[in-house]
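Please read the points below alongside the sequence and structure.

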Amino acid sequence: MKLRVRVSMSAILLSIMSLVAAPAHAAASGDVVSAQPTTVYLLPGRLLEVPVNAWHLLYRSTSATGAPNTVSGTLLVPKGSYPLGPRPIVGYATGTHGLGDQCAPSVSMSQGREAELALVSLFLLKGFAVAVTDYEGLGTPGPHTYMAGISQGHAVLDSIRAATRVSGAGLSTRAPVAVMGYSQGGASAAWAAQLQPAYAPELRLRGVAAGGVPADLHAVADHLDGGADFGLAAAAGVGLDAAYPELDLSADLNDRGRALLADAADDCVDDLGKLAGLSFSDLSPVDLLNQPKWLARLAENRLGAVAPRVPMFLYHGRGDQIIPLAVGSTLRSEYCRAGVNVRWTALPAPDHVTGAVEGGPLAVEWLALRVYGLPAFGNC
């Protein structure tokens, strides 16, 4: 596939800013603001093995507090016809990329440095279309609302809606739909499952696969506090503060905390390691996460209170050092008690990243069977 649009990065940013700033004029969630042809690379200079048509999208969505916003993403559609009816659409939610716009999946895909394309390609090989959201504020003006699950769930669902509205993509509103994600993406996928009946009931959702799910942000933050991956907890604080202005995180930080989090505000995930070993107590004179305002928003973003209406495939590494296995197994138990059809797999993976590698192909195949209409058997 040849690159069909060649403009400067400054021109792209100016265009995005003007589109995002434009009045919505009764725009609906999932409406396409723009769809520009783009090229996606598996590795630098190497195209995907599956010939695809690809678009960089700007589409309407909804923030965690119910305000309209604009989100970016990428749509991949295999070339050629799909012989089994309407082409299925997968909403793929990526794991943590970082806080800065340069970290967005749409950017990494255009530069050949997106590791999760290995899993996305498994769907493309089956002929499925894949919509990959950048999430709110990652690739568009404004801060990324990292780990604000309600916003992330909306962004996933609306990326699928937008996919059906891209001229020339050939996708149908009658298409079977699936959602998959791991880590941040696992939370986003589970939120999409919980939100879909009320927020996007028209989508023909067949199943959701969510791995390494940080279902309880307070529990995860407590686990990361003072450890090697504390930067992820700090980034989540920045993201939730962006989603909920009343948290006013900066006002509760000390000078060191303000300087460190301001410096991290545009970091990609690999840069967050500079916060390793720190604790919330190093950044603030108050017990941040146990203030009533934080407890309320953390509770609001805790998965498990609403039962998805579609089969769920949940997977988690036994040795996950970032999101404890107990957090994932608790979500499984809560869904099971609520009557959800859950397939749970505890993987032998010794760490968080290996959990994605071991579980990803299993999740892809499980979702494909749901798309094809085969029944799901849980193991609650």
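The lining of the second largest cavity has six nonpolar, three polar and no charged residues, where Ala, Val, Leu, Ile, Met, Phe, Trp, Tyr, Cys and Pro count as nonpolar, Asp, Glu, Lys and Arg as charged, and the others, Gly among them, as polar. The model is predicted, so local features need pLDDT of at least 70 and side-chain atom pairs count only at pLDDT 80 or more, while totals for chains, interfaces and linings use all residues. Residues are numbered from 1 along each chain as its sequence is written, and side-chain values use heavy atoms, with hydrogens and water left out.

**Cavities**

- On a 1 Å grid over the protein atoms alone, a cavity is a set of points where a 1.4 Å probe fits but cannot get out, and lining residues have an atom within 4 Å of a point.
- Two cavities of 30 Å³ or more are found in a search of the whole structure; a volume here is the space filled by probe spheres set on the grid points, which are joined across faces, edges and corners.
- The second largest cavity holds about 30 Å³ of space, and its lining consists of Ala210, Gly212, Val213, Leu314, Tyr315, His316, Gly328, Leu331 and Trp344.
- β10 (312–317) and α11 (325–337) each supply at least two residues of that lining, and β10 gives the most, with three residues.
- Helices (H or I, at least four residues) and strands (E, at least two) are DSSP runs, numbered from the N terminus.
- The largest cavity has about 60 Å³ of space and is lined by Ala234, Gly237, Leu249, Leu253, Leu261, Phe280, Leu283, Leu288, Leu289 and Trp294.
- Its lining divides into nine nonpolar, one polar and no charged residues, with α7 (230–243) and α9 (280–283) each supplying at least two.

**Largest pocket**

- A pocket is an open set of grid points with protein on both sides within 12 Å along at least five of seven lines.
- About 1100 Å³ of space lies in the largest pocket.
- Its lining has 47 residues, of which Gly95, Thr96, His97, Ser183 and Val269 lie nearest the centre.
- Two or more lining residues come from each of α3 (117–125), α6 (217–224), α7, α10 (292–300) and α12 (352–371), and α7 gives the largest share, six residues.
- By class, this lining has 31 nonpolar, eleven polar and five charged residues.

**Sheet**

- Nine strands form an open sheet of mixed pairing, in the order β1-β4-β5-β7-β6-β8-β9-β10-β11; two strands pair if DSSP finds at least two bridges between them.
- β1 (32–37) and β11 (342–347) are the edge strands, each pairing on one side only.
- On average, neighbouring strands are turned by 20° against each other, direction ignored.
- β10 and β11 run parallel and are joined by six bridges; Tyr315 has Thr345 in β11 as its bridge partner.
- α4 lies across β1, β4 (52–62), β5 (68–78), β6 (89–93), β7 and β8 (176–182), at about 130° to β4; axes are lines fitted to C-alpha atoms, for helices over the stretch in contact (heavy atoms within 4.5 Å), and angles run from 0 to 180 degrees between N-to-C directions.

**Pro143**

- Pro143 is in the loop between β7 (129–133) and α4 (149–163).
- Pro143 has a relative accessible area of 56% and is therefore exposed (over 50%; buried is under 20% and partly exposed in between, with a 1.4 Å probe and protein chains only).
- Apart from neighbours within four places in sequence, Pro143 is in contact with Glu136, Gly137 and Ala242.
- Between the C-alpha atoms of Pro143 and Gly319, which are 176 residues apart along the chain, the separation is 32 Å.
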